[in-house]
Every structure is written in C-alpha cells, then in structure tokens.
Amino acid sequence: MSGNTLRLPAEELVISKEVDVLVAGGGPAGVAAAISAARSGARTLLIEQRGFLGGMGTVALVPAFCPYSDGEKAIIRGIGLELLERMKLQCEPDFQERFGAELDWVPIDPEVLKRVYDEAVTESGAEVLLHTIASQTVMDEGGRRVEGIVVVNKSGRSVIKAKTVIDTTGDADLAALAGAPFHKGGEAGELQAATMCYLLTHVDRPRFAQYLIESGDTEQIHQAVQKAQAEGNLPQGRDSVSGLAWIADYLVGVNFGHVFGIDGSRAEDLTRGALEGRQLVRCQLDFFRAYVPGFEQAHLVSTGEQIGIRETRRIVGDYVLTQEDFMNMASFTDDIARNAYFIDIHMARSSGAMHIHHLPPGQSHGVPYRCMLPLGLDNLWVAGRAASSDRVVQGSLRVMPNCFAMGQAAGLAAAMASGADSLSRKVNIAELQRELIRQGAWLGEALSTQN
C-alpha cells in the first residue's frame, strides 16, 4: 500500500466464454444489438448488470417510448418497431385497443417489456448473462483492439474473449476503460438533470380527464403545479409534469421534476440521486392526492431502481454529429438510422431553462455509421446515447427508439466484422445498409429506393 493506492497481486483469470460479439449493457441499444448480431449468425453474448433487460424503460421506469415517427410516418422500424408491437400484443386488451395503432408516446408496461426483451433475445439465439458487471478491458499489445472483458458476478471474476465488442452501457463505460476519448456534459461539466420516475395505482383516469376539460389545464397539469408551488406544497424551480403515461385507467407512469448535479457515471452520485429522488417522489405523491382530481387515492407502486439519467459521456468518434447537421436535416453516405426526435435538453440547475427545438413534420436527419466508432479503437462500437455527437444533438439522439436503431446497426456490423478481420472500419457500408433495409430498417427515401 502506498498513499491512496493499493497494488494487488497478479492473478490468473478463467476464460469463461469465447464469442464473436460481446454486447455490454441490456438497454434498448444492447437488446437490438444482440438480436441483430445473433440473427446474423454470430455467437453473441449480452451481459447486463441487473436482473432484467430494458435499461431506462425498466430500470428507471421511464413511463413511455419517445416517438418512432417524424410526425407523418415511422422512421424507427426494424427491431425497434418489432419490439414495440410485441409489447403491445402482450399488454391488456384495453391497452391494445387504445395504443394498437400508435407510434408515438406509447406507455411502457415495465413487467411486460422485461418479458418481451427476454423472449426476443433468447429466440434470436443470443446468450444472456444477467447480474454481471464489466470491470476491465483486456487490450492487445497495440492498445487498439479489445481482446476480452473482465466481468464480475456471483460466479467470481473471469474473462470473456470476444472478436468484436459493442458498448451499449449508455455511459461509454467500456470505451472509456479502453482509452477512447470522450466528452461529458457541457463546457463547464454541467449535466442534464436526472429524474426519478415511478408508477401510481388506485388512480382514476376518467375523473382526471374530466378535470382537464373543466379546468382548461393540460396533461402536464401546469395549473395544479403552479398552485401547489404558490402555496408552498411543491419545491419552487421545478418544472411541470413531463409526462403521464396511462398503462390502464387505474395505473399511470409518472415523469415529473428533476434532481440536479447527478453524474450517472459515478456511484456516489447515483446513490445521492436515489435518496433525493425518492424523497421528491414522496412530496409529489402528496401533491397529486391534494391537488389533482382522480389522484385522491393514489398509491405508489414502485420508484425506479435507479434514477433516470439523460447524459454522461459522449465518445469522440470518426464523425461528431452536430447541431448544424440536425438543423440542416443532413444525410450521409454511411447513414445507418434516421432521427426526428426534437432537441430536448433539460436544465442542469433549478434556475435553468429547457432547450427544445423541433424539426418540421416529415423531416429527419441521418445518423452516420462513423458516430459509433470511437477514435483509436478498431473492434469496438458504441451505440446509444453515448454515440459521437455534440451536446445539443445528444439531447435528441439519446432516446430509446434511436437507441434501438443504432443498436441494430452496430450488431449487424459487428457480426459482419467478426467473420472477417474484426475491424469496424473495414465493414462494407453499402452491404450493411442493404441488409439493414432488408431487415426492415428505414434509412431515408434515397437509400431505401437505391437499395
């Protein structure tokens, strides 16, 4: 031991598995990546630190999927749309009747979604290893290739060898461990606020709907929030409800308010976020019962296992998607997805403001393959909210439908690379695009017509 450090003795670790494609992180990007890679014939393993898949939609109870459409048509298709439809079909008949044709803001039934992901991943032929944390990367001598990942779980410490690796941790954990450059938050290190989402039961949706009609309030219940704040029964500086997602007439998911200064890549901050988040939910529950008709008997079913995180690291990739690209609705020769979700940057402090900008209906921009390739690494892809973009575009690109699309492309590309030299930059882009389109993905009219 020396100062604040401790040198551990060298150890030999068992190689517990050898795979073609290792996917780390079981959120939407990871689920889609694992399914895509396995369906392409690659030996695929998906590891997840919790006891279920789903990421923010199940771990953090984010109550609804963001839009799959550009306001006119579905632009997130392929595996992402397939999984949305599978969830609908396993929900209650009333849910299917209300949301069967919907593409945007479909509520999430978290227990159904867990099961849907379990079934879809295992049906694809991918293996799943839950309760497992990736703690270290094993690099080649040149430091450009990830040869394996050290994992820790109840079985101990072991190494998983992989030809290719996909980082879908949401925080670029593996890329950072492997030495990839990244940015975090804004220029001063500020990060979008986090939110503790939750489920309420014993609520009355028809009574709530009648209140909205009679009061002229909105679904975000601005009037009720402002009244409670004026009377000292809600904290000042918190915004209104971001979303109520009605799973049933008696059950609603809630996305409300912010906890500030939480860095989701730090255990200490996640701990503080959990403690503060649950206290804020208690305050909000009292507010709902006292101020919102239909919620008088509301009962808290569950808060998120983790507070919902909107941003941490963003890799520096071969291409950095910019605000100008978003505003110009740019397309790229190596597009692997399209995005139409609005720029949605939540304030970093209670005195801040939300930053929102929408594209015109029917419009979108391309997401190039190069955004998933971290500088300096040859066989690792980063898909999901940590992909290479500036902070403004990350506020748009980070949502679950986009993560599905990027994950599907990363999984297919990794499978293609694992059968050759395992180099991410040697993947034939035209072939990748043709296969994505064949699998149902939408890459814009030009590429779809061309292919």
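Reader: Which residue in β6 does I15 stand opposite?

Author: I15 stands opposite V159 in β6. Please note that the model is predicted, that local features need pLDDT of at least 70 and side-chain atom pairs pLDDT 80 or more, while totals for chains, interfaces and linings use all residues. Residues are numbered from 1 along each chain as its sequence is written, and side-chain values use heavy atoms, with hydrogens and water left out.

Reader: In which sense do β1 and β6 pair, and over how many bridges?

Author: Strand β1 (residues 14-24) pairs with strand β6 (residues 156-167) in the parallel sense, over nine bridges. Two strands count as paired if DSSP finds at least two bridges between them. Strands are DSSP runs of E with at least two residues, helices are runs of H or I with at least four, and both are numbered from the N terminus. A further position in this pairing is V19, whose bridge partner in β6 is A162.

Reader: What joins β1 to β2?

Author: Four bridges join β1 to strand β2 (residues 44-47), and the two run parallel. V21 has T44 in β2 as its bridge partner.

Reader: And how do β5 and β6 run, parallel or antiparallel?

Author: Strand β5 (residues 146-153) and β6 run antiparallel and are joined by six bridges. A hairpin of two residues connects them. V150 stands opposite V159 in β6, and I15 stands opposite V159 as well.

Reader: Which residue is the bridge partner of V165 in β17?

Author: That partner is L380. Strand β17 (residues 380-382) pairs with β6 in the parallel sense over three bridges.

Reader: Let us change topic. At what angle do α1 and α4 pack?

Author: Helix α1 (residues 28-39) and helix α4 (residues 110-124) pack at an angle of about 25 degrees, with their axes 8 Å apart. The axes are lines fitted to C-alpha atoms, for helices over the stretch in contact, and angles run from 0 to 180 degrees between N-to-C directions. α1 and α4 are therefore roughly parallel to each other; angles under 35 degrees count as roughly parallel, over 145 as roughly antiparallel, 65 to 115 as roughly perpendicular and the rest as oblique.

Reader: Which residues of α1 and α4 meet?

Author: P28, V31, A34, I35, A38 and R39 in α1 meet Y117, A120, V121 and S124 in α4. Contact here means heavy atoms within 4.5 Å.

Reader: Now the rings: how many aromatic pairs does the structure hold?

Author: The structure holds 16 aromatic pairs. In one of them, the rings of F208 and W246 have centres 5.7 Å apart and planes at 35 degrees, so the pair is tilted. Rings of Phe, Tyr and Trp (its six-membered ring) pair if their centres lie within 6.5 Å; planes under 30 degrees apart count as stacked, over 60 as edge-to-face and the rest as tilted.

Reader: Where do F208 and W246 lie?

Author: F208 is in helix α6 (residues 205-215) and W246 in strand β9 (residues 241-248), 38 residues apart, and the pair links distant parts of the chain.

Reader: In what order do the four strands of the open sheet stand?

Author: The order is β9-β10-β8-β11, and the pairing is antiparallel. β9 and β11 (299-303) stand at the edges with a single partner strand each, so one side of each is left without a neighbour in the sheet.
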